[in-house]
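Welcome, and thanks for taking a look at this one with us. Please open the structure below and keep it at hand while you read.

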Amino acid sequence: MERKRTLDSGFKCNYRSYMKSANPLSDALHVMAHLVGQEGPRTSEQLAACLPTHPVVIRRLLAQMHKAGLVRSTRGHGGGSQLAREAAQISLHDIYLAVGAPPLVQVGNRDNGGGCPIQQLVNQALQDGAREAQRLLEARLQASTLDQLGADFARHLAHHRSLEGHHES
């Protein structure tokens with residue numbers, strides 16, 4: 001039996017390593033969470049290592065955060081970016097708005113099917129659901145702050161560190 005040759009045969013790669021989907025909100029939340037509790041500024045190189053991505057991507061995100069008044073940046077030796085105000089004063093919705101308020105829910109509507117009334121009803125039902133989901137997600141972002149995200153991370157980290165001792169024996 002002849003073995004079918006595929007693109008990835010012989011390689012130990014994940015397709016995701018070739019193409020990363022762009023999610024500016026997720027990246028911005030990630031970067032901003034890394035700035036919580038920092039004494040001094042963090043460079044785009046330091047932050048890029050956390051995502052991981054290229055420092056230019058981080059600088060673009062930080063420029064959006066700066067324009068929205070969420071971070072302040074200093075140039076030169078010892079420079080970088082840090083939160084412009086307390087993490088408790090920055091909602092996740094503020095960050096969402098800073099990256100341009102991209103749609104949080106997307107539905108793939110089929111063409112109207114040449115005027116088919118059933119397809120139109122299906123599309124309308126999907127669009128109504130997406131609008132409601134968008135409203136709910138935005139409300140959740142408005143109710144959540146960057147310090148809450150940081151506290152959630154601290155709990156998550158503490159939990160995983162407590163498990164490390166159980167796996168060593």
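Here is a short briefing, grouped by topic.

This is a predicted model, and the protein chain has an average pLDDT of 82. A score of at least 70 is reached by 82% of the residues. The points below cover confidence, the first helix, the loops and a nonpolar surface patch.

**Confidence along the chain**

- Among the elements of the protein chain, α4 has the highest confidence, with a mean of 97, while α6 has the lowest, with a mean of 79.
- Residues 1–19 keep a pLDDT under 50 throughout, and over that stretch the model has 1 contact beyond four places in sequence.

**Helix α1**

- Helix α1 takes in residues 24–35, which makes 12 residues.
- From its first C-alpha to its last, α1 reaches 17 Å, close to the 16 Å expected at 1.5 Å a residue.
- Which residues of α1 are buried? They are L25, D27, A28, L29, V31, M32 and L35.
- After α1 comes G37, with a positive phi near 75 degrees.

**Backbone details in the loops**

- Between L51 and P52 the peptide bond is cis, and its omega is near -20 degrees.
- P52 lies in the loop that joins α2 (44–50) and α3 (55–67).
- A101 is not a glycine, yet its phi is positive, at about 50 degrees.
- You can find A101 in the loop between α4 (92–98) and α5.
- A101 counts as partly exposed because its relative accessibility is 33%, which falls between the cut-offs of 20% for buried and 50% for exposed.

- Where is S144 found? S144 sits in the loop between α5 (117–143) and α6 (146–168).
- Is S144 buried or exposed? S144 counts as buried, because its relative accessibility is 15% and buried means under 20%.
- Once neighbours within four places in sequence are set aside, S144 is in contact with I90, S91 and L92.

**A nonpolar surface patch**

- On the surface, a nonpolar patch is formed by V107, I118, V122 and L126, and together these residues have about 320 Å² of accessible area.
- V107, one of the patch residues, is placed in the loop between α4 and α5.
- With a relative accessible area of 36%, V107 is partly exposed.

Technical notes. Residues numbered from 1 in each chain as written. Predicted model: local features only at pLDDT ≥ 70, side-chain atom pairs only at ≥ 80, totals over all residues. Heavy atoms only, no water. Helix = DSSP H or I, 4+ residues; strand = E, 2+ residues; numbered from the N terminus. Buried < 20%, exposed > 50% of the residue type's maximum accessible area, 1.4 Å probe, protein only. Contact = heavy atoms within 4.5 Å. pLDDT = per-residue confidence, 0-100. Expected span 1.5 Å × (residues − 1). Patch = residues over 30% accessible without salt bridge, like charges linked within 9 Å, V, L, I, M, F, W, Y side chains within 5 Å. Areas by Shrake-Rupley, 256 points an atom, 1.4 Å probe, with all protein chains shown as cover. Salt bridge = Lys/Arg side-chain N within 4 Å of Asp/Glu carboxyl O.
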